[in-house]
Amino acid sequence: MPDIPHSNLHRRDFLRLTAAGAAAGTAGSALSAFPAYARAAADIDYTARKTFDDWDRLFQEGGPGQPDQPNDNTNRDGRSGMLAWSQSYVLLGLVRMYEKHRDTYYLDRLIDNVDQVLAVRDSERGVTDYRGLSLPAWRADHPYTTGYATLADSNGQPLLDLREALSYAEDTTVTVTAGTRPDTFTVQLVNTFVNRTVTLSDLSLDPASPDYAVSRIYAAAPGPLQLTAADRRPTPRAGDVPQLGTYEMHCKPVIFAVHTGMITYPIASFVRLVAGSPVLRRRYHRKADEYLRACREAVAVHDWEYESDQNGGHLIWPKGQPLAYDGCEQPINQSVGLGQTLVELALATGEIGYRRKVAAMGRMLAGQLTVDAGDASVWHYWPAGGRIYEGFTKTGNPESDLSIFTPSGGPARQFEDISHGAIDVEFAVRAFRARLAFTGRDMERLARTFTQNVATTDADGLPAVHTTVGGTAIGAASVAHQAPRWMQVSPWDPRVHAHCLALYNRYQPTPERDGQQAIGFGWLLANVAYLNWAAR
C-alpha cells in the first residue's frame, strides 16, 4: 500500500486537540478539528452502554461467531477459528462491560456464551486433531493448515502425498494427466483463491530417476504454492503411476495456541474476577471452579509447544505439525495470545508455574521492544533473531531440514501490524498489572507507540491510523476499526481513547455496515466495550 501524504495538520497538533477533548471529558471538543465528520458523530454514541447492549442483543439473535462449532467439516466458518476471532471478542467485551458498570447482567451473559463455547471443545464433540487426539480445546484447519492431496493407483493404494503449505490450500484442484514418457505423469495445481497455477511435467515415482517427484518438488520448494511431497509406498519402486484424474486438497486440523488463548482469556478473566470478590464468589463459585478447570486443561494442551531460554519464554510449532512453518517459533502475538490467559490464571490461583511462564513470556516480549527516536516502542511480527526473522535454508535432506513443510523461508522482518499488536499490548499491560513483567516506563512507551506511531491524520485532516507499530502506510477503515483494542494503554495517555473514539465517529461502524454482520460482529462488540471501559 503506498504512503498517503499527511495534511497540514501535524500529528502533534491532532493529538493535542484530542487530548484537550479527553481532559474536558467530552467527545465533542476532541472532534472540533474535524468538522467534516463531527456533525455525524451524534448518530451513534460508542461510549454508551445502550449501544453495546443493543448490539449484543443482535448477536444473541444469531450473529456469526456464535459458539455453534459444527460436528462435521461442511461449514468453513466453524473450521476457521471463528470462535477465536469473533466469539472471544464478545466474551472479552462482556468482561470489560462488567468492569465498567459492575452489573452482574454482563457476567450472566458471559456464562450463557461460555457454556456453549465449552460444549464444542474437541473432547466434547468427539473429534480429533491431526494426531488423532481429542483434546479439551478447539481445532481449526482450512484456511490455516497444510493441505494434502494423496495420489493413488488404480486400486486405490496411496502412492504420493502432495502437500501445500500456502494458506487456503483447499481452494486448490489437482489434475493428473499422462506424461510424455512411459511411467511418467504430469500434475497441474490450480489455487483459485490466490490465482496461482503450478504445472509439474513428466514426474516419475522411480526413486532412481532424475524426475523422481519427491526430489523434483523438494528442489523447487517452496515455490508459488509452497509445495512439498512425500512417498507413501512402503517400498518405493519404478513403474508405479497414479490414477489419472482430479484430486482435491484437504487440510488436517490443528489446535492453535493463539486460538486457545483468545477463547480462554475472557473465561479466565471471569475466574479472576470471582476469585477477587467475596460477593461474586458466593454467587458464581461453582461456575468459576468449572471454568478454572476448563482453562487449565485448555492451556495444558500447548505445554509441548512451550520453550524457554535466557531470552524468555515463547511457543514453537513442533516439527511435523501440518503448518507452513513447523519447526519454527510462533509469531510474537501467538505466544502472548496464550500468555493473556496465563496472566489471569496466575492472578486467580497464585500458582508459581503460571507466574513463571508469564514472567518468561514478559521477558521475551520486553526483549523484542526497541525504542525509537520518539521514545516509543517498536517491534516486529516475527521474533527478531528467530529462524523466520533471520531466514533459513534447506540442508539438502528433508529429514535434517528445520521445517518439513517449508524447507527454506524468510527472512521476514515486517513490523507488527496494529491488529496483532493489540494482543501484544493487552498481554503486556495485564502482565504489568500482575507485577510479573514490564515497568511503568514500558507502559508509557507502549502508549506512545499508539499516539506517535499508530495515530495520525489523512490527507483530508481526518483521524486515521498507520497499519503497523512502525508507523508505515495509512490503513483503510477496516484497520482503523481495530484501534480500540489498544485501550489497555489508555491509562498512560487518554489521547488513546480520544483518537479511537474519533475514528469510530468518523467511520461509524455498525453490525450491518461493511460486511460486519458476516465477519466482524465480535470484535465490534469488544471495541464498543473498550470505548465504554475507558470513557471518563
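Buried residues make up 57% of the 536 residues in this protein, where buried means under 20% relative accessible area, exposed over 50% and partly exposed in between (1.4 Å probe, protein chains only). The model is predicted, so local features need pLDDT of at least 70 and side-chain atom pairs count only at pLDDT 80 or more, while totals for chains, interfaces and linings use all residues. Residues are numbered from 1 along each chain as its sequence is written, and side-chain values use heavy atoms, with hydrogens and water left out.

**Exercise 1. Work out how helix H15 sits in the protein.**

Step 1: get its span. H15 covers residues 418-433, and its 16 residues reach 22 Å from first C-alpha to last, close to the 22 Å expected at 1.5 Å a residue. The expected span is 1.5 Å times one less than the number of residues. Helices (H or I, at least four residues) and strands (E, at least two) are DSSP runs, numbered from the N terminus.

Step 2: check burial. In H15, 12 of the 16 residues are buried, so the helix is largely enclosed by the rest of the structure. Among them are Ile418, Asp424, Glu426, Phe427 and Arg430.

Step 3: look at the ends. Aspartate 417 caps the N-terminal end, with a side-chain oxygen 3.1 Å from the backbone nitrogen of serine 419. After the helix comes arginine 435, whose phi is positive, near 60°.

**Exercise 2. Find which residues touch the most other members of the largest nonpolar core.**

Step 1: set the rule. Such a core is a set of buried Ala, Val, Leu, Ile, Met, Phe, Trp, Tyr and Cys residues joined through side-chain atoms within 4.5 Å.

Step 2: pick them out. Of its 117 residues, the answer is Trp138, Phe270, Phe427, Phe438 and Trp486. Helix H10 (residues 257-275) gives the most to this core, with 11 residues.

Step 3: zoom in on one. Tryptophan 486 touches, among others, Ile418, Gly421, Ala422 and Val425; contact means heavy atoms within 4.5 Å.

**Exercise 3. Trace the sheet that contains E6, E2, E1 and E8.**

Step 1: order the strands. These 4 form an open, antiparallel sheet, running E6-E2-E1-E8; two strands pair if DSSP finds at least two bridges between them.

Step 2: inspect one pairing. E1 (residues 147-152) is joined to E8 by 2 bridges, and tyrosine 148 stands opposite histidine 250 in E8.

Methods:
Polar contact = N/O pair within 3.5 Å; in protein donor to acceptor, adjacent residues only side chain to side chain. Lists of a residue's contacts leave out its neighbours within four places in sequence.
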